[in-house]
Amino acid sequence: MNVSGVVVERINAVVARLYPDAVGDLDSAARPSDRADAQINIALGLANKVGKKPRDVAQHIIEQLDVRDVCTKVEVAGPGFLNLTFADPHLTAALGAVSRDQSLGVQQAASPQHVVIDYSAPNVAKEMHVGHLRSTVIGDALVRMCERVGHRVDRENHIGDWGTPFGMLIEHLVDLGEVGAARELSVGDLDGFYKQAREKFDGSESFQQRARARVVALQGGDAETLRLWGLLVAESARYFATVYEKLGVKLTNDDLRGESAYNPLLAEVVERLKALSLLTVDDGAEVVFVDGFTNRDNEPLPLIIRKKDGGYNYATSDLACVIDRVERIGATLMLYVVGAPQAQHLSMIEAVATKAGWLNPPARKAPPARKAPPAHGASPARMVHVAFGSVLGSDRKMLKSRAGEAVKLIELLDEAVERADASIAQKNPELSVDERRKVARMIGIGAVKYADLANDRIKDYVFDWERMLSFDGNTAPYLQYAHARICSIFRRAGVSRESARAAQITLAHANERSLALWLLNYDSAVWDALERYSPHRLCTYLYELATRYTAFYEHCPVLKAESDAIRDSRLALCDLTARVLSDGLMMLGIESPEQM
RNA sequence: GACCCCGUAGCUCAAUUGGGAGAGCAACGGACUUCUAAUCCGUAGGUUGCAGGUUCGAUUCCUGCCGGGGUCGCCA
């Protein structure tokens with residue numbers, strides 16, 4: 001399937017014959033190049049091993065290499081690169097295979113993992129804000145990417161539904177009355193509800209006492225208290241669901257798994273750690289000391305499992321969570337789509353879980369993958385922190401509303417759709433209002449998601465309406481527009497997308513060739529993004545694809561092609577491009593409008 | 001103070017695990033007048049924060065600085 005594959009194989013064979021002692025750990029990967037169709041750098045590392053000049057080694061390989069059936073040219077370039085130029089029939093055969101492939105050339109995972117992806121994680125009775133955007137959008141993209149290559153995926157939305165604040169929240173609910181509270185919560189102003197409770201708590205001694213008593217009742221399993229707590233959770237869940245629907249992510253109520261779900265396991269975590277002699281008492285708390293972690297005084301830093309007052313904290317429930325995911329769900333890979341500031345906490349959790357033998361992580365450092373040996377027996381599980389930076393305003397500080405508060409996610413999304421709507425109304429007035437509203441949602445929401453995904457997740461990024469909604473540059477609208485243009489061509493041609501696929505593709509024009517080469521890189525782009533849990537790499541690929549398509553569109557008339565054969569060939573290229581764009585955007589959780 | 005992350009063109013960002021530094025805006029210079037819809041081509045812009053080290057080769061790896069952000073036991 002991979003165009004370079006056959007060349008790489010033959011080069012490896014030649015190298016093995018010429019330099020039998022130098023085998024192993026050689027970089028024989030074929031990479032895209034702007035000076036050739038592909039580039040292979042094996043001669044450089046090899047030269048080092050055999051003590052010869054890289055260019056001479058490269059030349060030596062070429063002399064022994066016979067790839068005349070697939071390449072028109074193989075030459076030594078630069079310090080010793082092998083620059084490949086593929087024969088057109090080789091490319092068109094590969095394109096045909098990709099076009100016939102339901103998976104568009106994307107390989108399925110050789111050893112499918114059972115992946116648990118932990119993302120979004122809003123708090124009950126609290127508004128979702130921009131802080132939840134990244135986790136939700138990145139997590140959702142990873143869900144889709146993993147599913148796309150055949151991994152089994154469990155989404156887990158680890159909502160904050162437990163802890164001391166629930167004392168005051170429940171008492172506030174009691175004060176408002178259940179009907180009143182439900183009304184308050186259903187309008188989506190969760191922040192208001194929380195703040196009112198907070199104010200009362202801070203201002204009233206008697207309310208504080210009620211709240212504390214309520215926490216005790218909650219933890220003690222008092223039926224009425226649990227019922228009231230359940231109301232708060234249910235109302236919040238309903239609200240989250242509306243946000244997720246608007247955002248177009250796959251999370252549903254079935255994916256909710258609050259901290260409270262792990263309550264029954266907490267005592268067991270303590271027991272198990274105790275049985276392993278990992279637990280020590282320090283300053284009245286039960287803790288685990290982990291090698292390599294120190295506090296500000298350079299003393300060993302403990303992970304607190306049980307507080308001085310006997311209560312548990314989030315470290316305990318995170319450990320319970322690991323046990324649950326590995327032992328009950330059977331996870332082999334756990335992705336934590338959580339902000340970068342949690343890095344230390346998560347690595348301590350991982351260290352303790354490892355020490356306790358709850359993970360049995362393999363020594364192998366390589367990402368999950370397609371070449372991983374099949375697991376045998378009880379699969380070892382790996383934890384990966386998919387960390388991300390913050391969303392910044394134009395002042396390069398954490399994005400805040402004008403009032404200086406966290407920006408509500410729902411308001412951000414509504415504004416995105418409004419802006420997209422206005423933009424379309426101006427650019428394509430012929431679109432019906434209904435159609436426009438539909439498309440505005442795809443574009444507005446897509447723009448927000450793409451702006452988030454297109455940046456390297458570990459870095460902070462600057463939130464900028466104009467840039468993300470622009471039709472130029474690395475944006476969702478640009479990719480969506482390329483897709484819509486293709487659909488437009490087919491509408492005008494009166495040809496079905498399916499029927500276009502049978503055509504014989506020819507690559508006479510440079511822009512056809514450039515487009516074709518890039519289409520053939522889809523598989524490696526998807527895997528590259530997946531192996532690093534970095535959706536932005538897929539974005540970069542899709543942007544380059546759209547760019548090459550636009551150049552093709554500009555220089556290669558489709559409907560007015562000089563012959564039917566060329567027209568059909570170009571239609572086939574258009575169809576395949578649209579499919580890859582749409583499939584790639586799907587993995588990012590972004591829709592592909594047929595017109596806009 | 002210790003540790004973690006970041007630093008690339010005026011701005012916003014890429015760079016496929018160590019391989020020939022790129023894109024979009026903005027700037028400048030041309031072409032096009034709509035057939036397929038909201039154009040295309042070109043120019044300029046860089047000591048990749050600084051200084052060393054490893055290497056045939058470093059934006060990438062190592063060490064030390066500078067600058068920005070973050071974390072560092074009883075919230076989650």
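Predicted model: local features only at pLDDT ≥ 70, side-chain atom pairs only at ≥ 80, totals over all residues.
1. Residues are numbered from 1 along each chain as its sequence is written, chains are lettered from A in the order in which they are written, and side-chain values use heavy atoms, without hydrogens and water.

2. RNA strand B has 67 residues around it (near: a heavy atom within 4 Å). Arg31, Glu259, Asp282, Ser488 and Tyr553 come nearest.

3. A polar side-chain atom of arginine 35 is 2.9 Å from a base nitrogen of RNA strand B. For arginine 491, the distance from a polar side-chain atom to a base nitrogen is 3.3 Å. Arginine 492 places a side-chain N or O atom 2.5 Å from a phosphate oxygen.

4. Elements giving two or more residues to this surface include helix H2 (42-50), strand E8 (285-294) and helix H17 (476-493) (DSSP runs: helices, H or I, at least four residues; strands, E, at least two). H21 gives the largest share, eight residues.

5. By residue class, the surface near RNA strand B has 27 nonpolar, 18 polar and 22 charged residues. Gly counts as polar here.

6. Strands E5 (114-118) and E6 (152-156) pair in parallel over five bridges (pairing: at least two DSSP bridges). Histidine 114 stands opposite arginine 152. With helix H5 (130-148), E5 and E6 make a right-handed β-α-β unit (clockwise path from first strand over the helix to the second, strands pointing away from the viewer).

Technical notes
Polar contact = N/O pair within 3.5 Å; in protein donor to acceptor, adjacent residues only side chain to side chain.
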